[in-house]
Amino acid sequence: MHATETLNEADRLMVVCNSCRYCEGLCAVFPAMEMRRAFTSGELRYFANLCHSCGACYDDCQFSPPHEFNVNVPKVLAQLRAESYALYAWPQAFAPLFQRNGLAVSLIAALSVAAFILGFAAWTDPGALFAAHTGPGAFYRLMPHNTMVAIFGLAFLYACLAIAMGLSNFWRDGGEPESRDYAQAGHDAATLRYLDGGGAGCRDSDTRTPDRRRLYHHLTFYGFLLCFASTSAATLYHYLLGLQAPYPWYDLPVVLGTLGGIGLLIGPVGLLAEKAKRDPRTQDANLRGMDTGFLAMLFLTSLTGLALLLLRSTPAMGVLLALHLGVVFGLFVTMPYGKFVHGLYRYAALARYARERRSEA
């Protein structure tokens, strides 16, 4: 017996699947399962994070509902993923945020920080809040640069620490791969190899519902990386070159941020639209708030950032800057307790699978 009913149900399903093996060609979950005859709790959580929730095994399975075996691997593994997120969370006192990390929590954090910045600007220089500012250092007329760095630097460092500790908990639960396995995992993650099952599987490709999640995932992921690169470039501009924001539209930080922002406008909306079209029988309804909250924060980060870029020379700059910084802060502090971690744990699971597959060869 395992510690939770979800683990017990996942164990039951893996026993059934290991006896059948009809879906062994679909994705990495089933070959990993076939390497075992019994399943520890850590191994079941590993399968859950290896699963890409494509739903192909549900459609192919001869034992899926309404069969009495009631085999619904995508839904049970989705529920187990949510349990694993909470189990690996650091500090553990914040684990319940995975159950309540909906859009409301993220927005409350964002609006609170935006209100603080607006209040700070109004208190220090009321006239600066709604005035038009141009030229280098215009943003810092609302709040000094060092104050911004202190607030958002601490939030970012906390997010990095919490995520690193969560990954450390994941490794302890399942074992860490060797360094050579990370390259294969990186390839599989970057190409989203298993998003549609990873292989031909058992279904006729003509019967598949078009799934554009790969496109929207790429737009979201690489949009996020471009925005991170934009922030990194701006940091180098400030500290190494002595150039203060805002920068001209043709400068590297602005170009990277604009391209990334466009990706973060299209990608999250596309993912939400695709999620709405998916078979609800294979989904965990309790994860919708967490999914929606993270994607909405990415979208709002991009929307407020691009609006700030377009209107930075107008009196609207002060309010838009406060809103953008508030959304960024909200994104940072909720990242370790939302859907962001799924990509990291899935990458870690793919690295473990690469090790196991190499060992079996």
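**Close-up 1. The largest pocket holds about 1,600 Å³ of space.** Its lining counts 47 residues, and C227, S230, T231, A234 and H324 sit closest to the centre. The model shown is predicted: local features need pLDDT of at least 70, side-chain atom pairs count only at pLDDT 80 or more, and totals for chains, interfaces and linings use all residues. Residues are numbered from 1 along each chain as its sequence is written, and side-chain values use heavy atoms, with hydrogens and water left out. A pocket here is an open set of points on a 1 Å grid over the protein atoms alone where a 1.4 Å probe fits, with protein on both sides within 12 Å along at least five of seven lines; lining residues have an atom within 4 Å of a point. Its volume is the space filled by probe spheres set on the points, which are joined across faces, edges and corners.

**Close-up 2. Helices around the largest pocket.** α9 (145-174), α11 (213-240), α12 (252-277), α13 (288-311), α14 (317-334) and α15 (340-360) each bring at least two residues to this lining. Helices are DSSP runs (H or I, at least four residues), numbered from the N terminus. With 11 residues, α11 provides the largest share. The lining has 32 nonpolar, 14 polar and 1 charged residues (nonpolar: Ala, Val, Leu, Ile, Met, Phe, Trp, Tyr, Cys and Pro; charged: Asp, Glu, Lys and Arg; polar: the others, Gly among them).

**Close-up 3. The second largest pocket holds about 1,100 Å³ of space.** Look for H217, K339, H342, G343 and R346, the closest to its centre of the 40 lining residues. α11 again gives the most, with 8 residues. This lining divides into 22 nonpolar, 9 polar and 9 charged residues.
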